Amino acid sequence: MSAPLLRVTGLKKHFPVHRGLPSRVVGQVYAVDGVSFDIARGETLCLVGESGCGKSTVAKTVMRLLAPTAGTVALDGVDISRMGEAQLRAHRRQMQIVFQDPYSSLNPYLSAGAIVSEPLTNFELASGQELEQRVASLFERVGLRVDAVKKYPHEFSGGQRQRLGIARALAVKPSLIVADEPVSALDVSVQAQVLNLLIDLQEEFGLAYLFVSHDLAVVEHIGHRVAVMYLGRIVELAGNADLFGAALHPYSEALLAAAPVPDPELRRERMVLQGDVPSPMAPPPGCHFHTRCPYARERCRTETPPLQEVKPAHWVACHLRPVGGPFGQLTR
Amino acid sequence: MASEPEVAVTANAVLSVRDLRTHFLTRDGAVRAVDGVSFDVKRGETLCIVGESGCGKSVSALSIMRLIPENVGRSMAGSVRLEGTELTTLSERQMRAIRGNRISMIFQEPMTSLNPVLTVGAQIAESLRIHQRLPQRAAWERAVEMLAMVRIADPARRAADYPHQLSGGMRQRVMIAIALACNPQVLIADEPTTALDVTIQAQILNLMLELKQRLSTAIVLITHDLGVVAETAQRAIVMYAGRKVEEAPVAELFRNPLHPYTRGLINSIPRRTAAGRRTNIRGRLQEISGIVPSLREEIVGCAFAPRCSFAVERCSRERPALDPHAPEHLAACWEVARVAAAVR
């Protein structure tokens with residue numbers, strides 16, 4: 001079997017916390033603390049979790065916009081996590097990113113055409129007439145009018161700007177697009193337009209997506225596989241149907257239960273988690289989730305549960321879901 | 001041009017808004033942020049106002065509270081009655097006695113709406129001292145009780161904390177404590193959980209609904225999230241481009257949406273079902289093509305017509321009246337019969 005398009009192994013990213021004068025390092029934020037996953041060609045893997053769980057940091061570290069503290073990121077079998085900038089340049093073409101905020105991620109001084117042609121000139125992929133044609137066809141492909149090349153970002157609506165960001169990412173024909181909350185800033189009617197576009201592009205170009213989102217409904221719609229993160233770690237990794245049909249980690253269960261469902265005739269038993277997410281500067285020992293978990297036992301407070309494959313292609317990090325064990329209802 | 005403003009309820013209304021118009025005068029002309037909105041809120045009910053950015057839902061709330069200063073070039077018209085008191089003609093001084101006392105509001109961003117240099121206890125006590133003339137000591141004690149009521153652990157100690165020492169969810173609890181301290185008849189909540197994570201959102205929504213039951217406060221909940229509407233409200237109003245386009249009891253609205261925009265909104269959300277199975281495996285979501293109209297030009301006819309698949313010639317010419325089509329169900333659409341008959 002050939003190597004996966006992206007293989008992330010034991011990825012860690014810690015940020016030092018400085019305080020005082022002269023400034024001293026007084027602690028670390030354990031933003032990403034040992035994360036591993038694969039993405040195959042043409043596949044969408046969603047990273048889902050609440051603010052501060054480290055999902056965006058994973059995205060930025062995979063893109064090498066941040067240097068990892070430990071672990072490897074292999075793109076097409078080549079480890080890019082320690083590579084120098086010059087060497088890295090050749091690999092950058094393979095992966096592109098689309099950001100959450102379509103307002104701050106486009107240069108306000110460049111015309112839309114210049115924004116989309118920049119990656120093409122940067123990698124010397126096209127020039128002159130050909131460049132113009134390529135940009136025009138990209139505009140068409142993402143559903144922007146070709147005569148919009150002369151406009152500036154402020155003249156576009158939020159949804160159109162996000163299309164522009166997608167065209168820019170698409171320009172160099174990448175095989176992986178990292179999408180960091182690409183529809184979170186958009187209204188639902190426009191969000192649907194952008195999600196449809198992303199799905200169409202994936203089918204047309206065989207793109208793989210690392211799709212970061214906090215919105216479970218969006219994830220369920222676009223994902224093939226889903227990784228649920230909590231405080232810097234993956235707590236569950238499974239196929240879409242498995243995760244949304246039969247989540248095994250108590251945190252995944254709580255996340256699914258907390259998301260409001262747009263159906264008033266549905267009366268649900270809600271599992272409402274108590275308390276807040278602990279600080280990633282001082283994550284609790286053992287299972288990070290034990291402070292809010294209604295099922296927590298003594299062992300959960302001391303011993304970190306490993307991410308284990310409890311069913312084919314369904315990975316869970318929970319002491320209470322033993323490999324080969326029964327998957328009945330947990331009792332409080 | 002606008003016919004008699006129509007609402008679904010008139011009996012037992014604690015808050016009545018009639019033909020509310022808030023326009024902002026800019027160099028490029030008037031922006032019609034709210035353009036003739038009427039509704040009633042019943043005692044103790046939860047009414048949701050739903051719509052996308054720029055539809056005028058927040059400006060409506062701020063206009064009701066009279067929180068938009070005149071010097072930003074706003075012009076306001078219409079009537080807002082709170083239990084028979086007309087708010088629009090009160091002096092600022094009279095309004096201050098009502099705001100935070102009989103009607104109060106909480107906002108999306110709990111960090112920017114709390115005062116960073118006062119303890120949260122002092123901020124809750126402030127409204128009690130002003131409106132209920134409680135002495136300092138009693139106000140503080142009542143503030144601690146309020147913190148306990150919104151389920152903040154260790155309330156006596158937390159009362160002495162400053163806002164930055166609290167998490168986002170706790171700050172929103174404090175905002176709720178301030179808003180409910182004087183036991184208002186109406187609480188307006190403008191996207192109170194949008195800045196919060198889903199597990200915290202669930203806590204805050206549960207808390208609001210529970211306190212509503214206990215204090216029989218009516219809640220006007222402004223949101224863009226149809227999931228929140230479905231789980232909290234008894235009735236809902238859908239706004240588009242500064243106008244109310246539909247109003248109905250929530251179950252009816254989701255079962256039988258009559259305005260094409262409401263339909264589009266409901267169909268465009270990726271939806272999860274009870275068992276957590278997807279209804280539509282990576283199928284295409286239904287989109288609403290195009291974008292919202294500019295509010296700078298006067299919109300003749302139906303504001304949604306350029307994006308509407310049901311639109312006929314009349315729609316761009318004549319503004320549709322809000323007519324009742326079922327009990328308590330109003331929709332502003334000329335083609336309601338065709339919309340209702342169409343398959344969703």
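Which residue in β2(A) does A:Leu6 stand opposite? A:Leu6 faces A:Ile39.

## Basis of the model

This is a predicted model, in which local features need pLDDT of at least 70, side-chain atom pairs count only at pLDDT 80 or more, and totals for chains, interfaces and linings use all residues. Residues are numbered from 1 along each chain as its sequence is written, chains are lettered from A and ligands numbered from 1 in the order in which they are written, and side-chain values use heavy atoms, with hydrogens and water left out.

## A sheet in chain A

Four strands of chain A form an open sheet in the order β2-β1-β4-β5, with antiparallel pairing. Its edge strands are β2 (24–39) and β5 (78–79), each of which pairs on one side only. Strands here are DSSP runs of E with at least two residues, and helices are runs of H or I with at least four, numbered from the N terminus. Two strands pair if DSSP finds at least two bridges between them. Strand β1 (residues 6–19) of chain A pairs with β2(A) in the antiparallel sense over twelve bridges.

Helix α1 (residues 55–62) of chain A packs on this sheet and touches β1, β2 and β4 (70–75) of chain A. The direction of the helix makes about 110° with that of β1(A). Contact means heavy atoms within 4.5 Å; axes are lines fitted to C-alpha atoms, for helices over the stretch in contact, and angles run from 0 to 180 degrees between N-to-C directions.

## Cysteines

A disulfide is a pair of cysteine sulfur atoms within 2.5 Å, and the count over all chains is zero. For A:Cys46, the nearest cysteine sulfur is that of A:Cys53, 13 Å away. A:Cys46 is buried, with a relative accessible area of 0%; buried means under 20%, exposed over 50%, and partly exposed in between (1.4 Å probe, protein chains only).

The sulfur of B:Cys333 is 6.1 Å from the closest cysteine sulfur, in B:Cys308, which is too far for a bond. B:Cys333 is also buried, at 13% relative accessibility.

## Nonpolar cores

A nonpolar core is a set of buried Ala, Val, Leu, Ile, Met, Phe, Trp, Tyr and Cys residues joined through side-chain atoms within 4.5 Å. The largest has 75 residues, and B:Ile106, B:Ile124 and B:Tyr261 are among those that touch the most other members. Helix α6 (residues 168–180) of chain B gives this core its largest share, eight residues.

Apart from this core lies another, of 74 residues, including A:Val135, A:Tyr230 and A:Phe289.
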